[in-house]
Amino acid sequence: MPAAVAVIGGGIAGVQAALDVANAGVQAYLIERGPSLGGRMAQLDKTFPTNDCSTCILSPKIVEASRHPLIKIMTLSEVTASEGESPDFVLTIRHRPRYVREERCVACGICAEKCPRRIRSEFDMGLGDRKCIFIPFAQAVPLKYVVDAEHCLFLNEGRCGICKKACPAGAIDFEMTESIERIRVGAVIVATGYDQFEPALLANYGHGAHPGILTGLEFERILSPSGPTGGRLALPGSDGSVRSIVFVQCVGSRDSRFCGHCSRFCCMVSIKQALVALEHEPSIQNIHICYMDLRTYGKGFDRYRDRAREEGVILLNGRVADVSWDDSLLRVKVEDTESGQVKTIETDIVVLATAAVPSKGLGELAGVLGIGLGDDGFIETSSSGGRPVQATRTGILAAGCCSGPKDIPDSICEASAAAAQALSLFPNREPTEIEVTSFRGVSHEELRVGVFVCRCGTNIGSVVDVPSVVASARKLAGVTYAEENVFSCSESSLIDIARRIEEERLNRVVVASCSPRTHEPIFRDTLARAGLNPYVLEMVNIRDQCSWVHRGDPGEATRKAIELVRMGVAKATLLEPLLPLSVPLTRNALIVGGGLAGMTAAADLATQGYEVTLIEESDTIGGLAASCREAADGADDADIVKRIADSVGIRGVRVVTGVRVRAVEGSVGDFKIALSDGSELRAGVIVLAPGGEPAQLGDFEITGALTSTAFERMRGSGGEIPARVSFIQCVGVRNDRFGCSRYCCLKTLGQALTLRRMGKEVNVLYKDLMFFHRGAEELYWKACEMGVRFIKCEMMPDMKAGRLELHSPIDGDLSIPTDMVVLGTGMIPSSYVAELSKMLKVPVSREGFFLEKHPKLAPVEFAVDGIYVAGCAQYPMTAHESIIQGSAAAAKASFVLSKKSLMSSPMVCTVDNERCRGCGECESLCKFGAVRIITVRDRKVSEIDPILCKGCGVCAVSCPSNAIDAKGFTYDQLTVAISALLGGET
């Protein structure tokens with residue numbers, strides 16, 4: 001059996017799947033038909049709801065993939081045939097010629113500069129142009145030029161060839177030909193992304209007939225600092241200011257003529273683009289978003305929508321009929337559903353939120369792999385079998401938008417889930433060794449500091465005067481080199497930084513960019529690749545601390561950035577090389593919570609051969625889903641629970657019920673856990689999946705009303721259901737405290753369909769219909785056809801004499817005869833979440849759910865190593881999504897468990913025994929149990945266990961004798977930094 005996995009598609013889902021497979025010690029082949037990795041995410045400017053720069057969070061991922069020794073990247077490549085069965089496939093891969101020798105190309109750009117022919121850039125959606133020899137975008141991986149064979153004059157007409165003559169590296173080779181390669185793999189993960197609906201099919205919207213009518217992705221490129229206008233909100237070739245923008249939702253989506261499905265992310269993308277546009281262009285007077293249902297279903301999405309409203313974005317409930325224009329203005333005709341009036345909005349730009357459709361060639365690829373497609377053209381997966389990423393052929397898995405439109409974190413989770421299920425084909429793998437790298441000795445060298453200041457596109461550069469920051473840095477003592485980068489985290493910049501370190505013999509490095517929380521590892525790795533110890537790096541956060549907080553005052557932002565860089569350089573002069581410690585590893589896992597997410601994580605890890613203990617506070621495993629039946633998509637949650645519970649038993653997972661975690665000590669690789677029954681266990685990793693609980697009803701009272709859960713229990717026990725049933729959605733959620741609970745609308749839809757089949761009269765009172773799941777929109781149509789009445793209702797109704805009295809913004813005042821009221825209660829965090837948060841030092845959100853490391857790219861990880869989150873403790877989700885997160889958490893845990901040992905951070909606290917008085921203050925304050933008082937030569941002194949120490953520095957700042965230092969943040973380093981800020985000697 002070949003211990004290898006093929007990943008088809010180089011977007012964010014494909015990259016994440018390849019990384020998870022490779023990090024667990026298995027070879028990954030990353031196959032991409034285009035010339036570089038990145039996919040759609042590379043074209044984006046910002047991501048919601050944090051407004052993080054898309055490039056900034058994507059670049060470290062694709063650079064990490066390009067540097068991983070177990071990932072082989074195959075660009076310009078396609079799978080043309082498959083043979084065999086799981087776990088032994090043979091794939092035939094066709095490699096198209098790049099006409100540039102990758103091993104020779106240094107991306108100097110001379111070839112493109114000399115090329116005489118320009119064509120429209122696909123990356124910029126045709127709004128900008130490029131040469132016939134090009135790099136798709138500045139942060140592309142691999143950073144190698146490619147010849148456009150379709151338009152190259154030499155390849156098509158035998159003339160020109162200027163680029164080959166100009167290339168100083170002799171990298172251009174027009175004799176390159178197509179080649180074929182065959183690889184053996186145990187599993188295949190398909191992650192081919194999506195394409196855009198062609199808006200020209202809707203002639204009434206005028207796309208292509210007027211330059212001011214753009215698709216959402218075209219508008220995204222205009223907003224991007226790497227786009228055709230450099231981030232300036234103007235149409236290419238136009239100098240006119242923009243005063244008004246109208247966003248048109250559901251262009252091709254939710255339309256029986258074209259795409260029946262909801263495209264899931266469009267509502268939030270338009271809200272994001274509206275907010276970013278307001279940041280870019282102060283001349284904007286109004287922005288309208290015209291929608292049918294506003295689907296803000298994710299974590300933090302409702303608050304993001306509220307922010308847009310507060311900043312003046314007009315959310316208009318109504319579908320746009322057509323767009324017309326004259327010489328000066330566009331005119332958008334739309335029915336305001338709530339007022340019943342047809343309005344005409346005059347505007348400068350119209351942005352069409354076009355449907356996400358299956359990627360070009362997906363049908364052909366499905367045929368090659370022998371897998372099925374759904375009626376919507378996306379890959380069909382096993383939604384009812386407890387394996388939501390499993391395609392119709394064993395060993396073929398689907399991740400990301402190839403199985404239906406979805407947001408980035410959902411794609412990331414599916415990618416990790418697919419990786420976990422692929423890894424299960426290779427159980428009991430030999431643990432991998434971590435190589436220890438040797439570095440150049442710098443302790444006795446003359447100080448040579450390099451400063452690299454990032455523009456971060458417009459994230460920093462639009463506010464901070466970056467050239468002034470660089471000029472100031474060049475004057476600082478010890479600085480021998482300083483430069484600015486457009487994106488310091490891009491592969492090209494990282495290569496440049498490594499080259500500068502070697503050429504300038506730099507021995508300390510300061511990077512002024514964004515958050516070290518997300519980017520420090522990639523810069524440390526760059527230092528290591530240049531032969532420099534990674535801990536002589538100092539990062540200065542001039543994005544969060546300067547450009548973001550002082551957006552309205554560029555002068556103050558620049559002054560502060562200069563001062564922060566001065567402090568960073570001063571501290572860097574005292575940085576010393578550090579070496580990590582090797583830590584023994586307990587190669588087993590603890591899963592906290594026996595619901596769908598916890599059981600799935602346990603089963604996946606056990607299948608890989610790891611020892612797993614699953615603990616559940618109730619008397620049985622299964623969680624809330626065990627009592628749920630007849631979901632709208634036809635799945636029986638209770639049946640899925642039973643299947644996964646059975647697999648937990650088959651895989652040999654140790655299950656302990658009726659217990660809770662009482663205390664936790666230790667760190668990644670060796671956690672010591674005390675349980676409420678008095679027993680103790682040890683684990684190398686912990687997955688937190690304690691689930692959620694139904695929201696409280698608060699002051700909402702209707703006599704005799706049942707919650708959705710109670711209604712299901714009543715039906716399951718054979719209770720009689722009256723003739724007229726009304727559902728009221730969003731009870732206890734979508735308020736000042738909690739957002740959308742994500743699963744409730746789909747659950748109610750399933751119940752409503754069941755009741756209509758029984759001949760009952762059904763009403764559903766809703767705020768917004770969150771039918772974003774695959775297939776849900778079509779089921780909504782079916783429910784309407786069957787007579788389910790959906791009534792928009794912002795305020796909770798009253799019940800009087802068997803009638804619901806309410807006001808609908810669409811239908812006016814209504815009085816609805818009702819025999820039974822079912823409350824669609826949302827989900828809130830359990831109290832267990834808060835307890836675990838305190839014990840394990842992992843954060844919770846404003847709503848009280850666990851707060852993941854990053855909302856887009858690390859949805860099941862914490863900043864604390866070795867601890868992962870899955871299921872409804874992270875945020876409310878469907879059974880389908882909980883299973884995916886459970887598998888995703890298992891993939892992350894495999895990264896740790898697959899190693900023989902771990903390397904712990906050397907940035908820990910140390911004690912100077914000569915100064916220590918043994919007072920015990922540090923021992924009493926340490927929350928990690930890393931400090932104890934011992935006796936050395938009849939003296940009491942403090943001792944710090946470097947394995948348990950987190951380097952938080954609490955002991956150091958509290959020591960009355962200044963006997964404790966935190967490596968990387970020593971007393972001397974902090975003193976010199978503060979002195980630099982205050983103008984003292986540095």
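How many aromatic pairs does the structure hold? The count comes to 15, where rings of Phe, Tyr and Trp (its six-membered ring) pair if their centres lie within 6.5 Å, and planes under 30 degrees apart count as stacked, over 60 as edge-to-face and the rest as tilted. A word on the ground rules: this is a predicted model, in which local features need pLDDT of at least 70 and side-chain atom pairs count only at pLDDT 80 or more, while totals for chains, interfaces and linings use all residues. Residues are numbered from 1 along each chain as its sequence is written, and side-chain values use heavy atoms, with hydrogens and water left out.

Back to the rings. Phenylalanine 154 and phenylalanine 174 make a stacked aromatic pair, with 4.4 Å centre to centre and 25° between the planes. Phenylalanine 154 sits in helix H4 (residues 153-157) and phenylalanine 174 in the loop between helix H5 (162-166) and strand E12 (179-185), 20 residues apart; helices (H or I, at least four residues) and strands (E, at least two) are DSSP runs, numbered from the N terminus. Phenylalanine 154 counts as partly exposed because its relative accessibility is 31%, whereas phenylalanine 174 is buried, at 8% (buried means under 20% relative accessible area, exposed over 50%, partly exposed in between, with a 1.4 Å probe and protein chains only).

Phenylalanine 771 lies in the loop between strand E40 (761-766) and helix H21 (776-786), and phenylalanine 790 in strand E41 (residues 789-792), so the pair ties together parts 19 residues apart in sequence. Phenylalanine 771 is buried, with a relative accessible area of 1%, and phenylalanine 790 also counts as buried, at 15%. Elsewhere, ring pairs link Phe48, Tyr297, Phe301 and Phe772 into a cluster.

Next, the sheet. Four strands form an open sheet in the order E26-E25-E27-E28, with parallel pairing; two strands pair if DSSP finds at least two bridges between them. Strand E26 (479-485) and strand E28 (537-541) stand at the edges with a single partner strand each, so one side of each has no neighbour in the sheet. From one strand to the next, the twist averages 15°. Strand E25 (residues 449-454) pairs with E26 over six bridges in the parallel sense, and valine 451 has alanine 482 in E26 as its bridge partner. Helix H13 (residues 491-503) lies across E25, E26 and strand E27 (508-513), running at about 170° to E26. Helix H14 (residues 516-529) packs on the sheet as well, touching E27 and E28, at about 150° to the direction of E28. Axes here are lines fitted to C-alpha atoms, for helices over the stretch in contact, and angles run from 0 to 180 degrees between N-to-C directions; contact means heavy atoms within 4.5 Å.

As for the hydrophobic side of things, the largest nonpolar core has 87 residues, and Val5, Ile133, Ile189 and Phe523 have the most contacts inside it. Such a core is a set of buried Ala, Val, Leu, Ile, Met, Phe, Trp, Tyr and Cys residues joined through side-chain atoms within 4.5 Å.
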